[in-house]
Amino acid sequence: MMRRRWGTTLLTAVAIAFFTVSCTAEKIAPSTRSGPTEPAQKLEIGSSLKLPLMPWEGGAEYWAQFPKTDEAGWDNPGFFPITLWYNGLSTDEEAIYDKSLGFNSYIGMSDTTPYKLFEDNDVYWIGPPLNETFSKDSKNWVGNFLGDEVDGRFNPLEGHEELRKAKKGLLGSGRFDYANFTQIVMGKDMKVEDSEKYVNAYTNVASIDMYWYTVPFCDWQPSPVEYVTPVDSTNCRTSSSYGKTMDSLRARDLEDGALQRMWQFVEILNGGPGQDQAFVANITPGELQGAVMNSIIHEARGLVYFNQSLNGDCTGGSLVRQTMVDPNFCAKDQVAAAGQINNRIHELAPVINTQTHIHDFGPGLDTMLKVKDGFAYVFAMIDDNPEAGTRTFEMPQQLIGRPIEVLFENRSISQDSSGRFKDNFEAEYSYHVYKVEL
């Protein structure tokens, strides 16, 4: 079987060895999971939208089943995990800078990193204990990292054994178990039972690293991989592909009837491959934000940013930290864009952490509808047709005639008498968030 994986997280250790900046320190049993097995049909308390609801894993209360994660406050409805992949942390000033950009969690660090930095700055660690400063009672150590890309690094028999051993060694830790996979688990090259077992048998949180904007895969014709949620050449290198990744991952997750948290990987600059292969592109600031928002619309409950660049004319092993050291660093615009969208997500976290209402707003749209504290929120992008422009919305019956505020844009929109309104999307990655009083 031909195995293709375009996530490059496995190369991070090599990247850090070459590109670490001076200010950093250095470079089986099935899971117990909460969440209904069928779409909930009862209305959220206080909601007047008589619409069906998406299946979900239980909102912020999901974290309450893990004592250590719960103790750290992850069950707060206003909390949303946004994680940096391999970003050195050696001072309080570095943690404060990262938090200003909306990053609150880390995976992958030097074993010299003291636990006190996490505790003092209210940021979180996902992984093994880095050194003797970590103890089983370390509150800001919230999750276990079972493995990266095991589906791409091993054959299925070996990969399952790797995860089984990792899981067995962490039973009773009180922390959630997380693993990242490659596009292989959402494709049809691997046996379905192996893909479903990877996603369902070991983790409480899962993600896939597929960097659609910046890997060469989208240029291969015909496409060599068929996915659970189809991605074709006309819309491969668009933000919609990140949402389709979430749909495919959730489709795998649904097979065992117990929902877990789905996170999304997004590249800060590019996702590789390394310098020995042709450079494709760097993600633009707008594309980065579109990839994030489309993932949120497709039910991502956390983000992980690939914080390295392994080829092109802007390379580094810790892009966020390099931008802190050098405000003119070549990734500064992308880092700033990540900070803006991250902080908007934090502002909207109490809304995002509620259950999604199902409503078709009209053709050419990709939307998510939430209700919180007497307001409806519509997160909107265009669908996988990359042609930007005007789209027409059709509001649910209960929202017809209500004024519409466009968040973050200092404007409002009026509906017509039938509940229709139009808005423009300047690019395939553009997004709008509408707030409507119930």
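Reader: How much accessible surface does the protein chain have, and which share of it belongs to carbon and sulfur atoms?

Author: The accessible surface, computed by the Shrake-Rupley method with a 1.4 Å probe and, for residues, only the protein chains shown as cover, comes to about 17000 Å². Carbon and sulfur atoms account for 51% of it. The model is predicted: local features need pLDDT of at least 70 and side-chain atom pairs pLDDT 80 or more, while totals for chains, interfaces and linings use all residues. Residues are numbered from 1 along each chain as its sequence is written, and side-chain values use heavy atoms, without hydrogens and water.

Reader: Is Asn-294 buried or exposed?

Author: Buried means under 20% relative accessible area, exposed over 50%, and partly exposed in between (1.4 Å probe, protein chains only). Asn-294 counts as buried because its relative accessibility is 0%. This residue lies in helix H9, residues 285-297 (helices, H or I, are DSSP runs of at least four residues and strands, E, of at least two, numbered from the N terminus).

Reader: Which residues does Asn-294 contact beyond its neighbours within four places in sequence?

Author: With contact meaning heavy atoms within 4.5 Å, the partners are Ser-239, Ser-240, Tyr-242, Gly-243, Asp-366 and Met-381.

Reader: In what order do the five strands of the open sheet stand?

Author: Two strands pair if DSSP finds at least two bridges between them. Here the order is E10-E11-E16-E13-E14, with antiparallel pairing. Strands E10 (365-372) and E14 (411-413) each have a single partner strand, so one side of each lacks a neighbour in the sheet. Between E13 (residues 404-406) and E16 (residues 432-437) there are three bridges, and Glu-405 stands opposite Lys-435 in E16.
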